[in-house]
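The sequence and the structure are shown first, and the description follows.

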Amino acid sequence: MAELGVNLKPLPPKSELSFITEPSGVVVIPRDPVVLDCVAHGQPPITIRWLRNGVRLAESERLQFLSNGSLYIPEVRRDGEESDEGLYQCLSQNRYGAILSQRSRLTITKISPFVVHPIPLEVTEGSVARFSCQVTSDPPASVTWELDQSTLPLETDRITVLPNGVLQIQNVQLEDAGKYRCVATNIGNRVKSCEATLSVIKPGVGPKPRQRPRIIAGPQNVTVSLHHTVVLECIATGNPRPIISWSRADSKPIDVHNARVLGSGNLLISDVKPQHGGVYLCRATTPGTRNYTTAAANLTVLEPPSMVERPESQTRPRAGTARFMCQAQGVPPPRITWLKNGEEVHLNGRIKMYNSKLVITQITQEDDAIYQCVAENEQGSVLSLARLIVVMSEDRPSAPRNIRAETVSSSAILLAWERPIYNADKVIAYSVHYMKAEGLNNEEYQAVIGNDTTSYIVDDLEPAWSYSFYVVAYVPMGASRMSEQVCQRTLEDVPLRTPELSLTSHSPTDIHVSWQPLPTKLSRGNIWAYRLSYRTAADATVLSVELAQNNTKYLLGDLQPDTIYLLRIAAATRVGWCEPSSWTSHRTPDTSSTKVPPAPLLQQLEPLNCTSILVGWQPSPGSVVVQGYRLCYHEEGQPEQPSIQLQPENTEYTISGLDPRRKYHVKLLALSLVGDGYQADQTVSTPGCVSVRDHPVAQPPAPDHVTAVANSSSAVYLRWSRPAFASGKAVSYTARCTRVGLTNASAIRYVQTINQSVLIQGLDPNTRYELVVRLHADQLSSPWSLVVFQRTLPAAPSHPPEGVRVSLIEDSTALVSWREPEGNNLAVTHYTILYASQTAWLAGHWQTLQREGSNTMVLLEHLEPGNVYLVKISASNQVGDGPFSATVELALGPGPRHRGKRPRHSDSGSSSDTTVFSDGLHHMDQNSMTGIMVGVCIALACIVLCAIILISKGRSRKSSISKITDVVTGEGPRGPHAGLALANEHPAENIEALMPMMAQHFIDAKCGTNLVISKAGPVCGSSKRRQFFSSTAGAVCGSSKRRQFFKRERHNRNTSQVENRACLYEAGKTILCYEEREGAPPLQPSSLQILFGPLGGLESSGGFSSEGSSSGTTETSEGSHETGDSGHYSNEEISNEMSKPSTANSGRNSRPPSFGSELDDSPTPEEEGCFEEEEEGKPGFKVESEVMPPSHPYHHQHHLHQQPSRPCSLSAECPGHGPVSKLVLAIG
């Protein structure tokens, strides 16, 4: 009868479809009937169909379908095309879908003739005899032995029959002699082997010599299925008789419950389990001594597949994404496939399988089905099912639009999109989907982000790869359709590592270098060039050669024989060169070894797993007889291991016991009687161990329960929970922190930890961050967790307000302005303004003002004239107060300000380096004291230098006087164009020395004027806040520190011819005329003249452009120099002042010595007269206040509005100072 197996399962809900009973493997005798059971449960109606070897069966007389779904075969056939042997499955279906049962094998009993027959033996009495036989049977046959065609009695302990058919006879006696044969029996057949004779001879007379233990039948590597029985044989001989013991190579204890010793030393393990697998050692030891010998064998336990992670049923909206996880284990590793309604899933661009995971994107109604994960190996199969329910929703949003991608780096791409047009307000999240756009069955990755952003940086990409992206919007009831796909390529990067070098020599003077192109994952772009460097071991000089990207070999010639050369290689993309490889050594052959074997051809050098490398080679053709091979290997940077001697017939060898992720150098050479042959060198890297069983493991799940709490203004505390998954290895985590809206991928923060929490520091205050976590285990990484958002706490301002500026806008009112402090998201609530006069500051008393954070200016009123005020500002927010700015000083004048003056400004940039301490006082630091001392020294040095210049200039005064006298007395060129003729008679470089001085009128600096003589004329001021500036060919008007002004007088029409001759006039030019008046006492030198020399030592600032009719004003605060010196003056122009009698009208043109009258707004009679002439269309000029850059000294142009009339002169006289000079300004 048939042996039937039934698998019973708990009843699932009626809405689902599942199996209660599945068919199981069965062994039958030919022509016997058999029933294969199949019972399904679910919502009726349920239909059941049968498949054999994947082909659907039709019901017939030989194959009958029972009402309960079972299959009945009345008479099993074994031979021919109609054989019933094979794999059977039942397919159950209802309205929800279809499911397929596990495979069950129908086996028809059979047994083959013996493959191995026992052979005759001749042994000595008292020794060991062993017979063996082997037969193929299905199901496995039981073996018994016969002696002289009678069943061998087993009541004695000397005789043992092992399950595998081996017969052992210990301490052989004379009566054990005879003919032995083995008999194999299964449920349907019985076969007998040939007979073998055992001959027993008596030992010699006398004591037996002592013999070391020797194992004559040791354990063999064996593979056994789970729950079966296995025997490890071990028979040893020796004198005295050795003792047999067993142990494991991994030092683990042997299972005493399932293992026992069979016979005199065989190890029997029943009900084998996975933990029984390993290397077992048999040890035969001479009693009372330490003499022993060992033998080892590996026991491999085969396991049928079992589910580690089962898929779960899911409900997904249309256009959503479903992911079914499935993980199984077994030995050998099971293969995973997926079924949809009992048929294999058709993979396409929308339905993909990544390792063992099934991913369905953009779900449609047709995807609503029952899916099964099938794991199978040679030991069996197992299935697990899950249903996908697709729901329809009318409130789904439209797809995100205008998706665009921008490459950020070699591993990051910025993705941006716009919100959906419809139901955008209901979107709760977005999911970004991306995968490699090149190749087939690429894994799709997904990142979920919040609804408050429409951009995302994907930062875990590979360099030089094209990726496709799309975005889906989610609402509580479902998802939108997928957006349009966009492709973008990451930038290239330098190669990850260099190629592996293979080195051989075909002659004593060359080395043939070859390598394999780097795979795309390692090249990280298109290889642009290779750089091969080499040198001898004794010389540090490195020679290099660069090769194009299509080269994979190079021949180094003209080398030295019998010399060790070191070689390395580097590869480059267009981004740059990678780090070169380590030096690889190779010795060129000796010139005398031309008849030795050539280098073997290394055809295969690849890792079998993370700890083993397979070396395969082919002997090079040649006439030299190879006596063997020598194999050497060592880890890069480590000394060489002892060489391995191989037989000449060997063409491959496995190097084991290596470390994962290491680079190894392998050398192989042939041996002969002539000598060692040429060697072949090559490098190879071992991969990482992905698991203890060397097979891929599913990606671990992402951390869950991720929460974030703001710890301070610059730190966030992130914590999470470890997901539930089976892993005995230590896990680590990577936390990623990104500022919301960040587009710079280099600013993303990554933190590594082994804990389930981390404090992320160094963040910006009051800033919103996006935080995710991923898990690392067994060198695999999980997806990123769900995104959490957290805003850091606000922080008190760390910097003071910037650009603090104080402007005096009235006599007692100042305007203080500033800018916000440096920093992001400070949210300033108010500003604190401290100000105090210098007296109050010394006493430590400050006045306080506060303004709201939106204001950046304040008025300081009721300030006291003549005081210096100090101002400083700080910013505050709800967290605290920030530091104060540097102190800014503002000096007020002693009296009321003149109307219309420009405000005085002080800012933090010009403040001193003093420091305000908590006591309210300023303390000079060492730098300030040093600066003051250096300034005083410089001032003293300048005074001494000016005094020396003044003394040296006094020697040239007499020669200058003679020149001026010639001009005044008219001894120069005559006529109205005398000035032009004089100027044109000399080269341009002498213009300064030949400019004539004006007769009669002289302006003394002692009277308070700030007249400065430039290269082409004087600089003077106007009492009505007007300064008249010409170009470098005209007159320039300025103001002194005390705002002194020259007074203008109407020119006397009855000017003498002497004056006219002195005024060198030319149409279109401005001429300064100097006029001496007789009868006045000599002028005394002013204080400015004593310090800085004659008036010519002062230089004018640049000119003003005179346009229109408005008059220019130049106003400076006390101590400021807005009309800074920038002109040039030759001391030879004015060296001496000439003394002449004063005129009768000197009193009217004189100026009072005090400055108070000059600050008055009322014009002098002379000024009124001069301006009256301008209004009447008579000679005059108008000057605009806009400052223009100084013109070239010899470029005689100006912007004065010229009128063809007589010149207007300005004069100033000083009472009580002798001759009064008059300055005549001639306008062409």
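A salt bridge is a side-chain nitrogen of Lys or Arg within 4 Å of a carboxyl oxygen of Asp or Glu. The model discussed here is predicted.

**Salt bridges**

The structure contains 29 salt bridges. One of them is formed by Glu376 and Arg103, whose closest N and O atoms are 2.9 Å apart. This pair counts as a salt bridge because 2.9 Å falls within the limit of 4 Å. The two residues belong to distant parts of the chain, 273 residues apart. Glu376 is in strand E40, which covers residues 369-377. Arg103, by contrast, is in the loop between strand E11 (97-100) and strand E12 (104-108).

**Charges over rings and aromatic pairs**

Phe131, Trp145 and Tyr180 are linked by ring pairs into a cluster.

**Strand E6 and its partners**

To which strands is E6 paired? Strand E6, residues 47-52, runs antiparallel to strand E10, residues 86-94, and six bridges join the two. Within this pairing, Leu51 stands opposite Gln89 in E10. E6 also pairs with strand E7, residues 55-56, again in the antiparallel sense, over two bridges. Here Arg52 has Val55 in E7 as its bridge partner. E6 and E7 form a hairpin with two residues between them. In the turn, Asn53 has a positive phi of about 55°.

**The second largest cavity**

The structure holds 12 cavities of 30 Å³ or more. The second largest cavity contains about 150 Å³ of space. Which residues lie nearest its centre? They are Ser455, Tyr456, Ile457, Thr738 and Glu770, which are among the 14 residues that line this cavity. The elements that contribute two or more residues to the lining are strand E46 (455-458) and strand E66 (731-739). Sorted by class, the lining of the second largest cavity consists of seven nonpolar, four polar and three charged residues.

Note on methods:
Residues are numbered from 1 along each chain as its sequence is written. This is a predicted model: local features need pLDDT of at least 70, side-chain atom pairs count only at pLDDT 80 or more; totals for chains, interfaces and linings use all residues. Side-chain values use heavy atoms; hydrogens and water are left out. On a 1 Å grid over the protein atoms alone, a cavity is a set of points where a 1.4 Å probe fits but cannot get out, and a pocket is an open set with protein on both sides within 12 Å along at least five of seven lines; lining residues have an atom within 4 Å of a point. Grid points are joined across faces, edges and corners, and a volume is the space filled by probe spheres set on the points. Helices (H or I, at least four residues) and strands (E, at least two) are DSSP runs, numbered from the N terminus. Ala, Val, Leu, Ile, Met, Phe, Trp, Tyr, Cys and Pro count as nonpolar, Asp, Glu, Lys and Arg as charged, and the others, Gly among them, as polar. Two strands pair if DSSP finds at least two bridges between them. Rings of Phe, Tyr and Trp (its six-membered ring) pair if their centres lie within 6.5 Å; planes under 30 degrees apart count as stacked, over 60 as edge-to-face and the rest as tilted.
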